[in-house]
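Dear colleague,

I am passing on a model that I would like you to look through before we discuss it. The sequence and structure come first, and my notes come after.

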Amino acid sequence: MPFLDMRPIGRARQGGLSLQATVDAVWKDILRDIAAEIGETRFNLWFRTAVPVGLEPSSGGASLVVGVPSAFMAEWLETHYLRSISEAATARMGAPTTVRFVVDGKLFRGMRRDEARAKDDLLEEIAPSGPARGAREGKFYNLESFVVGPCNSVAYAAAAKVIESPSDAYNPLFLHGGVGLGKTHLLMAIANAMKGRRSFGNVEYTSAEGFTNRFLFALRNGSLDAFRARYRRARLLVIDDIHFLANKNATQDEFLNTFNTLSRDGCQIVMASDSHPKMIGRLKDTLVTRFLSGMVARLDKPDYQTRLAIISHKAVQNGLSLRPEVAEFAARQICGSVRELEGAVSTLVAYAALSKAPVDLAIAREALKGLVEASSRPVMLPDIEAAVTAMSGLSAGDIRSGRRSRPVSAARHLAMYLARGMGGFSYAEIGLYFGGRNHSSVVAAVAKIENQVAADADFARKVASLKSEFSL
Ligand code: ADP
Ligand code: MG
């Protein structure tokens with residue numbers, strides 16, 4: 001099929017609304033979409049050197065012809081990005097458009113020149129060498145600065161065990177959980193601890209993305225041996241965000257080989273991912289099996305008590321003295337990741353510095369408004385329970401118990417009243433949660449508190465303040 005237009009892009013621009021100018025504009029738009037989708041590093045690696053050459057008719061539509069510097073790149077782009085590019089092209093052209101890659105020797109020579117120059121930068125960029133050099137974001141990660149709660153105690157204990165006896169108990173160690181829950185923190189804590197141990201051997205820390213990029217770079221540059229040597233001489237290999245390998249067959253094979261070599265030599269491997277190995281998807285069974293062969297530990301979102309501990313710990317770290325009611329307010333309101341809790345503490349630090357006064361509840365409410373909204377989710381019964389136990393000095397066990405002493409039943413009634421006020425919970429649910437009470441005892445509790453609020457201004461104020469903490 002003849003090309004409709006195969007003129008080099010430079011000359012085509014003179015043609016005003018020529019086909020080539022259209023192609024050029026379309027390609028620019030496509031690049032914008034792709035860049036947004038895959039991020040700058042990968043974009044630079046794969047798309048910077050590609051140029052649109054023309055459009056050719058193809059069955060049922062058109063085909064955008066794109067020149068790339070090497071057959072390897074053409075193949076890679078075809079396997080990994082053909083769909084994204086075709087979709088973007090179809091959207092821009094308003095007609096079914098596929099993409100075809102052609103190899104252009106001139107581009108190759110240009111690329112090699114650029115590459116020689118950019119190689120060091122690129123390696124710097126794609127190789128976040130992490131804790132090997134100490135700190136991320138100016139911060140040093142260790143186990144001491146990690147606050148332990150029910151949400152992360154297993155992962156913490158496993159990390160501690162690996163530090164204590166690497167290659168022994170938990171190998172490989174696989175941590176998984178949502179964003180901002182402490183996976184990288186624990187990984188770096190392990191890497192840092194082993195780095196600090198004399199004569200331990202090489203510690204290699206990288207993200208799966210860094211591993212992938214270095215692998216592809218080595219493939220293109222014929223430096224696979226050096227790449228392999230780097231990872232295979234590690235005594236401890238730490239790979240973060242392993243889910244990045246999903247879908248990347250060649251890199252998965254390479255990683256499997258690295259993994260096997262290291263395991264055979266008795267080296268410790270530690271990994272983290274946003275989900276359980278089986279849930280990553282598009283990950284070869286052989287890898288999944290290996291990931292499951294050691295210790296798999298999950299990190300969850302922190303519960304109220306842990307959130308409170310984290311906030312207090314971070315406040316101390318930041319030299320901020322927090323009033324207990326402010327710490328409790330923040331812990332109750334910010335209920336997402338640890339990263340969000342850190343954000344809350346930084347905000348409070350900034351407010352304290354600005355107002356040159358201790359942060360009180362009103363200021364905290366104002367300061368954390370945005371964060372609270374961002375992490376807002378329906379208030380849960382355990383939150384209400386936590387608020388009431390904090391206020392009454394009783395335990396959750398007391399509140400749920402059958403005890404009928406005045407303070408205990410008063411607290412229980414208050415919790416039921418607040419739960420009802422929250423909406424979304426039936427009397428039956430509330431009764432069940434707070435110690436298996438029936439529907440009518442919840443109705444009675446709510447009525448009791450309502451009466452008391454009406455009769456006792458002091459009590460009404462207390463209840464109002466509790467309610468406002470839940471933004472009711
Ligand atoms: P992930 O890798 O799971 O997305 P990170 O390890 O990057 O999360 O954690 C996000 C931030 O929260 C980091 O600054 C980390 O130090 C901090 N962090 C996470 N969990 C804890 C914890 N249990 N105690 C103290 N800080 C924590
Ligand atoms: Mg992380």
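Predicted model: local features only at pLDDT ≥ 70, side-chain atom pairs only at ≥ 80, totals over all residues.

Residues are numbered from 1 along each chain as written, chains are lettered from A and ligands numbered from 1 in the order of writing, and side-chain values use heavy atoms, without hydrogens or water.

The mean pLDDT (the predictor's confidence in each residue, from 0 to 100) is 83 for the protein, with 86% of residues at 70 or more. Confidence is lowest in helix α1 (residues 9–12), with a mean of 35, and highest in strand β9 (residues 268–273), at 97; helices (H or I, at least four residues) and strands (E, at least two) are DSSP runs numbered from the N terminus. Over residues 116–138 pLDDT stays under 50, and the model has 35 contacts (heavy atoms within 4.5 Å) beyond four places in sequence for them.

Three strands form an open, mixed sheet in the order β1-β2-β3, where pairing requires at least two DSSP bridges between two strands. Its edge strands, β1 (51–58) and β3 (97–103), each pair on one side only. β1 and β2 (residues 61–68) pair in the antiparallel sense over 7 bridges, and leucine 55 stands opposite leucine 64 in β2.

Finally, α16 is followed by glycine 393, whose phi is positive, near 80°.

Best wishes
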